[in-house]
Amino acid sequence: MSRAGCVLALLVLAVAIAVPFVLAAFTRTGSISTLITNNLNYGRTRVGEFDKEWDEKTGTVDKRASAIQTLTNHYYDIVTDFYEYGWGQCFHFATRHKGESFDASIARHEFYLAHKIGIKPGMKVLDVGCGVGGPMRAIARFTGAHVTGLNNNEYQIKRGRVAVERENLQKFCDFQKGDFMKMPFPDNHFDAVYAIEATCHAPDKAGVYSEMFRVLKPGGVMGVYDWAMTDNYNSSDSLHRAIKLGIEHGDSLPDLPHVSAIPESMEKAGFEVIEHFDLAVVAEKEQAHDDVPWYLPLESHWTLTGFKHTPVGRMCTAYMLRVLEAMSAAPAGSYDTAMMLEDGAKNLALGGRLKIFTPMYFALGRKPL
């Protein structure tokens, strides 16, 4: 390679490294340094082993379902830092209005759920699959309720406790480590229960809803945003199948069901289903030309703080990590982890654009008195 070519290559590398660093300075949570220095002893090196479970030749739905709790725990050991860097501490999507910021839409999505459930000051509330606790903290501040976050991943709980202490929310938020298929709570314990894009990891949707039913007090309300395939999904279409598998692989899901499975599973668990609908469809209809699709942050729309969400931003991060990994400055497996998440992000955007997938099927149920 000529000297000029070497200089150009070095400039490109410098830009790829510098841009995410600069942009991270404009965000409240997540940074490149977090990707590099946090979670060093966790399993990014396992990502190749993890990938095999979603390979059409070596993995099956039944195998994934039987091992999904272990797989998902490994998954969040691997990807939590990436989520915080690229998205923030609220690991979910949201409907959005034109002119509304990404962060504002995320908060509104959480407050809408709290409002629909009827969460009030002093109530004892459970967040099922709480991640690092971003929504839990926002809902506690918004409502004045006490929210317990249930999570089976020790690393995320550790991250969440730091945030609770930083925001002085110890009186309103706490964490409990446990499996949402076998919750470590007594019967009739909570006034309200919710899950935000978490029960999609369950091997049996009726099973996790049954546990939510058990720990909820009689007369209490449960609300969920859940992931599912819509009526537009065609299992005979090879592109549709590839998108579905890509979402499942990139997000550690056993098998995405049809939207009808959500209210059906709630009824099977014992709930009186109050209402259920695809919030993405409702937003598109009600907001019309003012609607910003939930998947837009994953596509190529450039803003200063949103760059990390875009395909170019994600690839800059991935290739920067590849260089740092080669220099032993980032944990082994960091690049492969970024590419696994890219598979999920790309297919989420495709699924949203084709309207064959939704991450926000909303359902509300009440436990009979």
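Okay, let's start at a helix end: where helix α9 begins, a side-chain oxygen of aspartate 237 comes within 2.8 Å of the backbone nitrogen of leucine 239. That counts as a polar contact, meaning a pair of N or O atoms within 3.5 Å, where within protein one must be able to donate a hydrogen and the other to accept it, and residues adjacent in sequence count only if both atoms are side-chain atoms. When I say helix or strand, I mean DSSP runs numbered from the N terminus: H or I of at least four residues for helices, E of at least two for strands.

A quick word on what we're looking at. This is a predicted model, where local features need pLDDT of at least 70 and side-chain atom pairs count only at pLDDT 80 or more, while totals for chains, interfaces and linings use all residues. Residues are numbered from 1 along each chain as its sequence is written, and side-chain values use heavy atoms, with hydrogens and water left out.

Back to α9, which covers residues 238–251. How far apart are its end C-alpha atoms? They are 20 Å apart, and that agrees with the 20 Å its 14 residues should span at 1.5 Å a residue. The rule for that expected span is 1.5 Å times one less than the number of residues.

α9 is also largely enclosed by the rest of the structure, because 10 of its 14 residues are buried. Buried here means under 20% relative accessible area, exposed means over 50%, and partly exposed is in between, using a 1.4 Å probe and protein chains only. The buried ones in α9 include His240, Ile243, Leu245 and Asp251.

Serine 252 isn't a glycine, yet its phi is positive, about 55 degrees. You'll find serine 252 in the loop between α9 and α10 (261–269). Is serine 252 buried or exposed? Buried: its relative accessibility is 0%.

Now compare asparagine 168. Asparagine 168 isn't a glycine either, and has a positive phi of about 55 degrees. Its loop runs between α7 and β4. Asparagine 168 counts as exposed because its relative accessible area is 61%.

Strand β2 (residues 124–128) and β3 run parallel, joined by 5 bridges. Two strands pair, by the way, if DSSP finds at least two bridges between them. Strand β3 also pairs in the parallel sense with strand β4 (residues 173–177), again over 5 bridges. Keep your eye on valine 147 in β3: valine 125 stands opposite it, and in β4 its bridge partner is cysteine 173.

How does the chain get from β3 to β4? It crosses through helix α7 (residues 154–166), and this β-α-β crossover is right-handed. Right-handed means that, with the strands pointing away from the viewer, the path from the first strand over the helix to the second runs clockwise. β2, helix α6 (residues 134–143) and β3 make a right-handed β-α-β unit too.

Strand β3 itself (residues 146–151) is mostly covered, with 5 of its 6 residues buried. Take threonine 148, which sits in β3. Threonine 148 is buried, as its relative accessible area is 7%. Its side chain makes a polar contact of 2.7 Å with the side chain of aspartate 174. Not counting residues up to four places away in sequence, threonine 148 touches several others, among them Val125, Met136, Gln176 and Phe190. Contact means heavy atoms within 4.5 Å.

Over in helix α6 there's alanine 140. Alanine 140 counts as buried, at 2% relative accessibility. Leaving aside neighbours within four places in sequence, alanine 140 is in contact with Ala145, Val147, Phe172 and Cys173.

Last, let's zoom out. The chain has 13 helices and 9 strands, and 54% of its 369 residues are buried. Of the contacts between residues at least 6 apart in sequence, 75% join residues at least 24 apart. The accessible surface comes to about 16300 Å², with 56% of that belonging to carbon and sulfur atoms. Those areas come from the Shrake-Rupley method with a 1.4 Å probe, and for residues only the protein chains shown count as cover.
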